[in-house]
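Have the structure open while you read.

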Amino acid sequence: MTTDNRQMWADLGIDLKRHDVLLNALGPIYKEVYLSQTNRPQGMGFFDFVVGDIHGIRVQELRQHAMNGGKVVATYCVFVPEEIVWAAGAIPVGLCAGTQFSVPLAEEILPRNTCALIKSSFGFKLGRLCPYVQTSHLIVGETTCDGKKKMFEILSQYQPVYVMEVPNKKTGLSRELWAGEVLAFKDVIEKLTGNEVNAAKLSQATKLVNERRRALRRLYDLRKVRPVPISGKDALLVTQVSFYDDVTRCTKQVTALCDELETRVAARKGVAPNNAPRILISGSPMAIPNWKLHHILETAGAVVVCEESCTGTRFFTDLVPENGGTVEKQLRDIADRYMQIHCACFTPNDERLDDIVRLAGEYQVDGVVHYNLQFCHTYANEAVKVEEVLAKKGIPLLRIETDYSDEDMGQLRTRIEAFLEMIRK
Amino acid sequence: MICAGLDVGSRTIKLVIFDDGIRDSLVLETGPNPLWRCQEILSGRSYERLVVTGYGRHLVASVLGAEVVSEIKAYAIGARHLYADCRTVIDIGGQDSKAILLSNTGGMQKFEMNDRCAAGTGKFLEVMADTLEINIRDLGDLALSTSKVVQINSLCTVFAESEVVSLIARGEESSAIALALHEAVATRIVGMLRRVGIKERVIFAGGGALNSCLCQLLGEKLGVELAVPSQPQIVGALGAALLAKQGDGQNYKVVHKSDRLHLNRKEDK
């Protein structure tokens, strides 16, 4: 298997030497952050396996699909409508871009004062470190921030890139623009795959993706319980893995995990003491293997019960209507659903503020940690309003700005511990 | 009961021994091995409980078997002990600056702390003092000796240093440059304070409070009179010692004196 993987990586043009260093680094980090946890649900075994074999079986599956003439479409953002990709018989893969490892490579070309997510994703391509990127036939970008927008232009010198325009307002005109973008995306995917996206296929794909959304919603609903039956780290990992795993398999695994968690809840069995501070994290996405903030919070005695982010509620909260209809009607439904994602790229974005307050209540949180990647101007500025709103509601807030490196672990620990001391009654 | 508070900072380690009042205190350079330094400091001293705070708290507490508290809470408690009416604490330390707002009963309400960079910390002034070839202890007085205004725009230690070099090359006097550096730090700290909200009385603690120019500039900019403890550096260690004293054996584990202090040093390596 290992030999097969090495051959596959070599065939994909991976820089094997550097890639070895990356994979060898991941093991110990995973052991420290994940396997050191006690009282984990057995259902996490699947996700442990997926991370342990992170560039193995799933890449082989995608390769097999490609060898059979199928296409692989890589994405970086929850705005890219994956239903259309599935409907055309292609496989969408959400790329990770959550490690410092690839950042220095990117900084050889991109400005240093670019957010870690952008640098990490670009570095993966530049350094030929990610077999998912290497396997993909098309990278689909979007315009959710200026840094990404310009990075995609540079990335397109290395691999085919298509960029969808996400509007910055939620007006009627903006919605029309987005509906047009979704329609155009269907044409792009049809052209790439040579397959027609018809009403039946689209409706089937919608159900498929909705099923996974429902499973994740169920998982998050279980986190509302006190004591919480799953750690924030584990729940985050489930969401992260669902970005690139097979949609049907993932739904099945998340469902099995939820069944187990339900028995835990019935037995009032939790992963943290009843009095552990319950935390909602809100802000920038956390891509694999970015577990930094969850790890600090949970080793300091708190438990993360919800993520209001693109690697959290924004990924799965809203469903696409399943009542079918013509391709045009279904595409419109899809467009409308994606416009409900309250990304900080929108102005105004008050719906996100409402979401944070609502989630804080639903998940019975003791405090909110606002997380933004350094140099992410939209989230950093929006945090000002988040702070205002939460202050009015009397919900404690800690604002954290950081990146993927470990340099600031000490400072973050101090601030987080002080925050927990403050909210612990 | 005799209790000890240890504040393991990035630049200095502070110890307070407390029973009915501060019985003993000291401030020593942290050096390259904070654990050894702490063991040296505690060796031969008797106390019944120990709480450790500061940047090195986890390292030291895990070996000494003590409880930990964040320096933010430790400073809040220490300041409140010294000034019963304290509502705002400013702490400028070696690598961190903090602004802490307390409720009228002394609980932490809000705090701000600098991000990862050294801007607005003692380290920033230390690096700049080096560039000016001036002892850090004299930097504040030097700055106060002039009224000439020059501007330092950057608060990034790296960029500010090159700005300082340019100002030197332009023939500006060290005193004017020093004043500009203090202005930059004070402006940054005032920003943090405004974010937490300022309520009197305001206590200025940490090593930064030893700097005469920072005391003056912060007072002027805030328009309030700052109270500076006679030993501003030990406020965190004092807070830790007070927590040790309050500990009922539940929140803060009882550590018997010198139990695990004399470790074989070979093991540490």
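This is a predicted model: local features need pLDDT of at least 70, side-chain atom pairs count only at pLDDT 80 or more; totals for chains, interfaces and linings use all residues.

## Strands, cores and contacts

Residues are numbered from 1 along each chain as its sequence is written, while chains are lettered from A and ligands numbered from 1 in the order in which they are written.

**Strand S6 of chain B.** Helices (H or I, at least four residues) and strands (E, at least two) are DSSP runs numbered from the N terminus. Two strands count as paired if DSSP finds at least two bridges between them. S6(B) runs antiparallel to strand S7(B), residues 97-102, with 5 bridges joining the two, and a hairpin of 4 residues connects them. S6(B) also pairs with strand S9(B), residues 202-205, in the parallel sense over 4 bridges; there, B:Ile90 stands opposite B:Phe204.

Chain B has an open sheet of 5 strands in the order S3-S2-S1-S4-S5, with mixed pairing. Its edge strands, S3 (22-29) and S5 (67-68), each pair on one side only. Chain A has an open sheet of 4 strands in the order S6-S5-S7-S8, with parallel pairing. The edges there are S6 (303-308) and S8 (397-402), and neighbouring strands are turned by 25° against each other on average, direction ignored.

| Strand pair | Bridges | Facing residues |
|---|---|---|
| S1(B) (3-8) and S4(B) (49-53) | 5 bridges | B:Ala4 and B:Leu50 |
| S5(A) (278-283) and S6(A) (303-308) | 5 bridges | A:Leu280 and A:Cys306 |

H1(B), residues 34-42, lies across S1, S2 (12-18) and S3 of chain B at about 30° to S2(B). H9(B), residues 235-246, touches S1, S2, S3 and S4 of chain B and makes about 140° with S1(B). Axes are lines fitted to C-alpha atoms, for helices over the stretch in contact, and angles run from 0 to 180 degrees between N-to-C directions.

**The core.** A nonpolar core is a set of buried Ala, Val, Leu, Ile, Met, Phe, Trp, Tyr and Cys residues joined through C-beta atoms within 7 Å. The largest has 215 residues, of which B:Leu6, B:Val52 and B:Ala241 touch the most other members. Helix H7(B), residues 174-196, supplies the largest share, 10 residues. B:Leu6 touches B:Val52, B:Cys38 and B:Ala237, among others, not counting residues up to four places away in sequence. Contact means C-beta atoms, placed from the backbone, within 7 Å.

**A covered helix in chain A.** Helix H7(A), residues 116-126, is largely enclosed by the rest of the structure because 10 of its 11 residues are buried. The buried set includes A:Phe122, A:Phe124 and even the lysines A:Lys119 and A:Lys125. These buried residues pack against H6 (103-106), H8 (131-135), H9 (146-155) and S7 of chain A. After the helix comes A:Arg128, with a positive phi near 50°.

**Where parts meet.** In chain A, H19 (409-423) lies across S7 (367-373) and S8, at about 170° to S8(A). Between the chains, 11 residues of chain A are in contact with 11 residues of chain B. H19(A) gives the most to chain A's side, with 8 residues.

Within chain B, the domain assignment gives domain 1 (3-73 + 234-268) and domain 2 (84-228); such bounds come from an automatic or database assignment. Their centres, taken over C-alpha atoms, are 27 Å apart. The contact takes 8 residues from domain 1 and 10 residues from domain 2.

Notes: A residue is buried if 20 or more other C-beta atoms lie within 10 Å of its own, exposed if 12 or fewer, and partly exposed in between; C-beta atoms are placed from the backbone. Two residues are in contact if their C-beta atoms, placed from the backbone, lie within 7 Å.
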